[in-house]
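Visitor: I'm new to this one. Could you walk me through how to read it?

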Amino acid sequence: MRRGRGWLVYRGAAAANDPEGVAGFKSVLRVADALPNSEVLLPSTVPEGSSQVYFTPMGWVDTRFAERLTRLQLDPSSRFHGEVPSVALVVTLAGMATKCQPDVPASDTRACPP
């Protein structure tokens, strides 16, 4: 295991549910200590309960892992509704993490990809 500023890399074992098994990539964990707490923003994932993304050797998202994380969304708590906008981080099939706004129309350039 190797530690950095807010992240860990596990080198000793294969990542859980890796389609490539022991020959696949190792787990990388990024902690969310720097995120606002749940009194301000409420995190959710799409699909619900997902927490992992696997990539092909070319850097694309590996679609063989059906339960892959596609979106991390942060919605304001009821106390801040209307004051703080919802924001999301979407992982595209090209392997790019893209910031978007889930509450704007699809024609808006800030909208989340489908």
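Visitor: How many helices and strands are there in the chain?

Guide: Helices (H or I, at least four residues) and strands (E, at least two) are DSSP runs, numbered from the N terminus. Here you get 0 helices and 7 strands, so the elements read β-β-β-β-β-β-β from the N terminus on. This is a predicted model: local features need pLDDT of at least 70, side-chain atom pairs count only at pLDDT 80 or more, and totals for chains, interfaces and linings use all residues. Residues are numbered from 1 along each chain as its sequence is written, and side-chain values use heavy atoms, with hydrogens and water left out.

Visitor: Which cysteines does a disulfide join?

Guide: A disulfide is a pair of cysteine sulfur atoms within 2.5 Å. By that rule the count is 1 disulfide: Cys-100 is joined to Cys-112, with S to S at 2.0 Å. Cys-100 sits in strand S7 (residues 97-100) and Cys-112 in the segment after S7, so the pair ties together parts 12 residues apart in sequence.

Visitor: Why is the disulfide right-handed?

Guide: Because the torsion about the S-S bond of Cys-100 and Cys-112 is about 90°.

Visitor: Are those two cysteines buried or exposed?

Guide: Buried means under 20% relative accessible area, exposed over 50%, and partly exposed in between (1.4 Å probe, protein chains only). Cys-100 has 3% relative accessibility, so it counts as buried. Cys-112 is buried too, at 16%.

Visitor: And what percentage of the chain's residues count as buried?

Guide: Of its 114 residues, 24% count as buried.
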